[in-house]
Amino acid sequence: MTGAVRRATTDDAWAIHETARASWHAAYDDILGPGTVDEVVDEWYALGDLESSITDVIGRDDAEFLVVEPDDSDGGPEECRGFAHAVPWPEDDSVAYVARFYVRPDAWGEGVGTTLLERLEALLADSFDRVRLAVLADNDIGISFAESSGYERVAVRETGLGDELEEFVYEKAI
């Protein structure tokens with residue numbers, strides 16, 4: 001069952017951080033190694049940075065930070081099942097960029113990601129024509145999710161995460 005999707009608050013920062021850690025380990029340990037995953041999560045999902053990102057979207061029509069709450073069977077209120085953070089694409093203000101999007105591995109395949117992405121797209125539709133997201137080229141789960149959600153690959157770029165690691169950029173009209 002999918003929990004409620006709502007806008008994130010700074011109280012959600014730790015749950016988002018831990019959801020990112022669990023998701024990154026499940027998706028990227030074989031690609032990057034567990035140590036690198038921990039380093040990246042600690043840097044990219046630092047609590048202060050998450051709190052700033054959450055605060056930054058308040059009152060804006062062109063950015064969102066959402067969380068999926070656990071349902072009654074998932075655990076305590078400090079957890080989240082998934083999260084999404086979208087901002088304007090720097091080079092084109094008609095495009096939203098999903099900068100962060102992860103679902104806890106124990107919720108993969110349950111519709112949590114689909115529900116979250118559909119809600120995000122609906123909230124962004126008044127401000128943007130298209131949505132972009134990026135997925136590591138070796139992340140089969142992420143690629144499958146993006147493509148099954150109607151996104152088309154529009155570019156390949158280097159990630160900066162390691163030697164010759166690439167990511168695919170996907171786009172969808174909304």
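This is a predicted model: local features need pLDDT of at least 70, side-chain atom pairs count only at pLDDT 80 or more; totals for chains, interfaces and linings use all residues.
Two packed helices are described by the angle between their axes and the distance between the axes. Helix H1 spans residues 13-32 and helix H2 spans residues 34-44. Their packing angle is about 145°, and their axes lie 8 Å apart. The crossing of H1 and H2 is right-handed. On the H1 side, the contact is formed by His17, Ala20, Arg21, Trp24, His25, Tyr28, Asp29 and Leu32. H2 contributes Pro34, Thr36, Val37, Asp38, Val40, Val41, Asp42 and Trp44. Sorted by class, this contact of H1 with H2 holds nine nonpolar, three polar and four charged residues.

Strand E4 covers residues 92-103. Nine of its 12 residues are buried, so E4 is largely enclosed by the rest of the structure. E4 pairs with strand E3 (residues 82-89) and with strand E5 (residues 130-136). The pairing with E3 is antiparallel and runs over eight bridges. A hairpin of two residues joins E3 to E4. Here tryptophan 89 has aspartate 92 of E4 as its bridge partner.

The pairing of E4 with E5 is parallel, over four bridges. Valine 98 stands opposite leucine 133 of E5.

Terms used:
Residues are numbered from 1 along each chain as its sequence is written. Side-chain values use heavy atoms; hydrogens and water are left out. Axes are lines fitted to C-alpha atoms, for helices over the stretch in contact, and angles run from 0 to 180 degrees between N-to-C directions. A crossing is left-handed if the near helix is turned anticlockwise from the far one by less than a right angle, and right-handed if clockwise. Contact means heavy atoms within 4.5 Å. Ala, Val, Leu, Ile, Met, Phe, Trp, Tyr, Cys and Pro count as nonpolar, Asp, Glu, Lys and Arg as charged, and the others, Gly among them, as polar. Buried means under 20% relative accessible area, exposed over 50%, partly exposed in between (1.4 Å probe, protein chains only). Two strands pair if DSSP finds at least two bridges between them.
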